[in-house]
Amino acid sequence: MATGCIGQSRYVIDTPSLCIDLDSMESNIEQMSRHIVRGGISWRPHAKCHKTPAIALRQISSGAIGVTCAKVSEAEVMAAAGIHDILIANMVVGETKWERLAALCRRSQPIVACDHFAQIEPLSAICRRNEVTCRVIIEVNIGLDRVGSRPGRDTYDLAAAISKLDGIEFAGIMGYEGHLLRIEDPAEKRKQIFDALSVLSECADKLRRDGLQCNIVSAGGTGSYQIAAECDGITELQAGGGIFADPFYLEQCHVSDLKPSLTVLATVVSRPTLDRAVLDSGRKTLNPDAHPPIVKNWPDAQIKRLSAEHCELTLGPLSQNLKIGDKVELIVGYADLTTPLHDYFYGFRGDRLEVIWPIAARGKLQ
Ligand SMILES: Cc1ncc(COP(=O)(O)O)c(C=O)c1O
């Protein structure tokens, strides 16, 4: 980590490096927090796009109630940084992970998702033995057809069974409307998200009528957060990636009012012909799945091909004066797949490097 670079210009630091425009990220955090909290909903942003406690703590200081993670090991990193209200919005299975989750309950208050009794009964035994209680929510399948218990009888029976277990506190339900993010027509998108999330709120109402505590009704990603924040009965939103406002969200999900803030800074290492430049940032630093990266500030430069170590650009007349050694910024198409390739975020205020954050949960996959 080149801490000696703090205060230096963007064009001095070594490449390829993963860069955050701090003004844009902070404005996105404020915008998301204001929008969600204004709807009377809590914000528990998913950390999968940044995997970095320093950023989660910024979100918390802007109004988030905690953090959402995908893995127990990510939750451990967040807890070690003093973040205690952590939702693991994923199924946790296996003796080793249940033991780690029970250990985590000693120093924080995790919540874990499930969609079957088989994921929670063994956790209950381990929590009992460790004299801790773990909060559990049920993921309901609201149409994504990934995981999730079926809404209705399956979910009510599972909730009733879980709430009888020692060492377990039934805390509510969640769903993810990820199949509805890309609907083009705004009215249709709104209608379908309202319909999907009403399945969750009706489920929660029925559980409460049955006498169960259903304090958490969690949903919402960045691609739908502006709509989900208006849905009755939802208590918290997991939207996270909007802090970087990747083109995936802006172009494929039609999310407005957020500014892209994440780029990979690269160096021109070869100029084979007048209309071609080659950068030092290939797929090992930039994953183009989900959405391709975009060349920043050079509107007629197009990405032609990404190989492991190289990014080949096709240049139009405006960008043909790029020369070997020049720096080029590539806007990351979808941060979730690029962040885990890097050790550090380089945070810039305007053109000056202000901070270097270790991506502390990088490689935390278990
Ligand atoms: C369980 C869950 N919650 C929320 C999200 C939304 O996250 P983001 O706002 O970063 O797109 C996702 C995205 O994949 C998810 O899988």
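**Close-up views of a predicted model**

**View 1. The two domains of the protein chain.** In this predicted model, the chain splits into domain 1, made of residues 3–18 + 258–358, and domain 2, residues 22–249. A distance of 33 Å separates the C-alpha centres of domain 1 and domain 2.

**View 2. The side of domain 1 that touches domain 2.** Contacts between the domains involve 22 residues of domain 1 and 21 residues of domain 2. On the domain 1 side, at least two residues each come from helix H10 (335–338), strand S16 (344–349) and strand S17 (352–358). S16 contributes the most to this side, with 4 residues. Sorted by class, the side of domain 1 that touches domain 2 holds 13 nonpolar, 5 polar and 4 charged residues.

**View 3. The shell around the ligand.** His46, Lys48, Cys49 and Ala89 are among the residues that surround the ligand. Tyr176, Gly178, Gly221 and Thr222 also belong to this shell, as do Gln238, Ala239, Gly240 and Gly241. By class, the shell consists of 7 polar, 4 nonpolar and 1 charged residues.

**View 4. The buried face of helix H5.** Helix H5 spans residues 121–130, and its buried residues are Leu123, Ser124 and Cys127. Viewed down the axis of H5, these buried residues fall within an arc of 105°, so they line one face of the helix.

View 5. Glu131 follows H5 and has a positive phi, near 55°.

Notes:
Residues are numbered from 1 along each chain as its sequence is written. This is a predicted model: local features need pLDDT of at least 70, side-chain atom pairs count only at pLDDT 80 or more; totals for chains, interfaces and linings use all residues. Domain bounds come from an automatic or database domain assignment. Two residues are in contact if their C-beta atoms, placed from the backbone, lie within 7 Å. Ala, Val, Leu, Ile, Met, Phe, Trp, Tyr, Cys and Pro count as nonpolar, Asp, Glu, Lys and Arg as charged, and the others, Gly among them, as polar. A residue is near a molecule or strand if its C-beta atom, placed from the backbone, lies within 6 Å of it. A residue is buried if 20 or more other C-beta atoms lie within 10 Å of its own, exposed if 12 or fewer, and partly exposed in between; C-beta atoms are placed from the backbone. The arc is that of the directions from the helix axis to the C-beta atoms.
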